[in-house]
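User: I am new to reading protein models. Please take me through this one, and tell me what stands behind each label.
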Amino acid sequence: MAQFTRRHALGLAAGTASTLILPRFAIAQADTRPSITVAVQKIANSNTLETLREQSNVGSRTFHSYAEPLIDADWIGDRPPRPGLASGWRRIDDRTVELTLREGVKFHNGETMSAEDVAFSFGNERMWGGAAQAGSAGLFGSVTAGAAGKQPPAEVVAVARRAYPGFERIEIGDARAVRFVNKTPDVTLEGRISRNVGVIVSRKAFSEAATWLEWARKPIGTGPYRIGEFRPDQSLTLLAHDEYWGGRPPLKQIRFVEVPETASRINGLRSGEYDFACDIPPDQIGEIEKSPRHEVLGGLIGNHRLTVFDKTHPQLENPLIRRAFTHAIDRQAIVDALWGGRTRVPRGLQFEFYGAMFHPDWSVPAFDLAEARRLVKASGYKGDPIPYRLLNNYYTNQVATAQVLVESWREAGINVQIETKENFPQVLAKGPSRAVRDWSNSASFNDPVSSLAAQHGPTGQQWQIGEWRNDEMGRLSEELETSTDMARRKTAFRRMLEICEREDPAYTVLHQTANFTAKRKDIVWKASQGFVMDFRDSNWGGIRS
C-alpha cells in the first residue's frame, strides 16, 4: 500500500494498477494516415479550449480528442465508467477515492504524466484561483477578466465549484497513487472525477505559458490528438499524438471548421469539402441520405432542452405565471412537427441511466390550455410584454421551437416577445429584459446531482447569476450531494423535481435532445450518446474502398 501524505491540498484520487508499453514508430516512415475535416455550427463559446472554461455542448465535441480525465466513460454505450488516465480505482471511505495512475502516459509536450500533474490539475493555480470573484460568475462568453495574467477568470472557479462542491484536497502517495479527498461524504465521487472539468494537464506547460489565455487556447493534455492551431470563431486543427498511451491514433489530422449555416455544412459535405457535418436538423436527414455516398448517424443523447425563468423579473415573480408557461406547451406537437418523432418528451429533468434514482412515474407538466389560462388570471398578470432571449439556432431547431412556444403562450394569454442575441453573455446578462431564455442541461454522469443539483442548486448557474433560487431546494441539494442513504437521496430528488418543475418553476423541460451527424458513408465510425466525437482507434474502422 502506498504511503499517503498531504503534500498537496489540491485535487483527485487513486486505484488499481496496470502497465502499458508505449508504441515506438520509425520516424522516417511515410505517414499515410488520412486527414478529415468536420464542419460544425460552433467550436467554442468562450473562444478557449480549457475545459474548466469551455463548458458547453459545442466544446464537448472536441475535448475528448486532446484531454482526458482519470476515470473515463464509454460514450458510445450507456456511458459506464471505465479506466482512463487511472488504470483503476477503489473506495477508501465515503469521502475518499484512491486511484492508480497509468504508467508511461505522455503529454503532448513529451513530458511523462505524474502524480504532481494530477495534483496541479485540481489545484489552486489552475482550478481555484480567483475564488473571490466567483460568486456572480456566469458560464458562457468570451474570456475577459483574468485573461491578461495567470489568474483564471472567475467563470473557471464557478465551474470548479459546480463540479466539485465538497472538494478538499489531493493526496499523493507515490509516483502512481493519488487520493481524491472530499470534505463531505459523496456517493458520486467517481462520477465527478470522470467529468471533463477534471481532465489532467501538464503543470510544466501551464507554468511556461505567458498568460492564462495563451494556455487556454492551447492546453497541453494527454489525448490522442494535440492542438496544432486554434483560430477562434474559425477553425481548430488537431494533429496525431503518436506517443498516445492508447496506441497510435488512426488519423494524421482532424480539422474542425466553423460553418454556422446548416445549408453550407450540408453543401460542403456533398461537394467533398467536409467529411462530417454536425448539428443536422431532422428534416434534412432524408435529403442527405438520398445520396449513396452519405449517411446520417445519431439519436437521443444525455441532454434535455429547457426553457428557463428569471423569477426576479417583475412579470415572473409570481410562480403562478411561470406555472402557466409550463402548462401552455404542447411538447409532443414540437417533437412530432419539428423532430419528426426522432426525439421524445422525457420524464422531467432526469435520465433512465440514473438507475435506482430514476422516477418512472414523474412527468412534465401536462399540456392544458384551460389550466394555463386559469393560472394567468390568478397570477394577476396584466399582459405586459415578457422578453424571451435566444440565439439564432445555436440549438437545432431553436428558432422554430421558439416560434411555436410564443404562439402557445399567446393562446394562454401570455404576451412573450422574442429577443435574438448574438452570444451567451448577452442571453445571460442581468437586466430588465432577462426573463425567459433558452438553455439545455446535460447529465455528465449517472446521478441527478450531475444535472439538477449542479445546474439549479446553490452552486448552479441560475443561483450564481441571480436568476432563481429556492431555499428548500438549496437544503435538498446539500442532502442529495452528501447523504449516503440512497432511499433518502431518492426522496430528496423527487421533492427537488416538485419544486423546480411544478411549485416554483426554475425551468421547464421541452424535449430530450437528439444529435445528428452527417458523414461520408465509406468512413466506418460510430456516433456517441453525447456531443463527444470519438476519433480514437477503438472508434475508427477505417475507410472502405
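Analyst: By class, 15 nonpolar, 16 polar and five charged residues line the largest cavity. Ala, Val, Leu, Ile, Met, Phe, Trp, Tyr, Cys and Pro count as nonpolar, Asp, Glu, Lys and Arg as charged, and the others, Gly among them, as polar. This is a predicted model: local features need pLDDT of at least 70, side-chain atom pairs count only at pLDDT 80 or more, and totals for chains, interfaces and linings use all residues. Residues are numbered from 1 along each chain as its sequence is written, and side-chain values use heavy atoms, with hydrogens and water left out.

User: What makes a space a cavity, and how many are found at 30 Å³ or more?

Analyst: On a 1 Å grid over the protein atoms alone, a cavity is a set of points where a 1.4 Å probe fits but cannot get out; lining residues have an atom within 4 Å of a point. The search finds four cavities of 30 Å³ or more. A volume is the space filled by probe spheres set on the points, which are joined across faces, edges and corners. The largest cavity holds about 560 Å³. Its lining has 36 residues, and Gln 55, Ser 56, Ser 60, Ser 442 and Ser 444 lie nearest its centre.

User: What is the volume of the second largest cavity, and which residues are closest to its centre?

Analyst: Its volume is about 180 Å³. Of its 17 lining residues, Asp 279, Tyr 394, Tyr 395, Thr 396 and Phe 531 are the closest to the centre. Strand S16 (507–520) gives two or more residues to this lining.

User: How do you know whether Leu 70 is buried or exposed?

Analyst: Buried means under 20% relative accessible area, exposed over 50%, partly exposed in between (1.4 Å probe, protein chains only). Leu 70 has 0% relative accessibility, so it counts as buried. Leu 70 is found in the loop between H1 and S2. Its C-alpha atom is 8.0 Å from that of Leu 99, 29 residues apart along the chain.

User: Why is S15 called largely enclosed?

Analyst: Six of its seven residues are buried, so the rest of the structure largely encloses S15. Strands are DSSP runs (E, at least two residues), as are helices (H or I, at least four), numbered from the N terminus. Two strands pair if DSSP finds at least two bridges between them. S12 and S15 have seven bridges and run antiparallel, so by that rule they pair. Strand S13 (residues 386–391) pairs with S15 in the parallel sense, over two bridges. Across from Arg 437 in S15 stands Arg 389.

User: Why is one side of S4 and of S6 left without a neighbour in the sheet?

Analyst: Four strands form an open sheet in the order S4-S5-S7-S6, with antiparallel pairing. Strand S4 (86–93) and strand S6 (167–174) stand at the edges with a single partner strand each, so one side of each has no neighbour in the sheet. S4 and S5 pair over six bridges.

User: What makes Phe 325 and Trp 409 an edge-to-face pair?

Analyst: Rings of Phe, Tyr and Trp (its six-membered ring) pair if their centres lie within 6.5 Å; planes under 30 degrees apart count as stacked, over 60 as edge-to-face and the rest as tilted. By this rule there are 22 aromatic pairs. Phe 325 and Trp 409 are 4.8 Å centre to centre, with 65° between the planes, and form an edge-to-face pair. Phe 325 lies in helix H10 (residues 319–327) and Trp 409 in helix H13 (residues 398–411), so the pair ties together parts 84 residues apart in sequence. Both Phe 325 and Trp 409 are buried.

Definitions and conventions. 1 Å grid on protein atoms, 1.4 Å probe; cavity = no way out; pocket = protein on both sides within 12 Å on 5 of 7 lines; lining within 4 Å.
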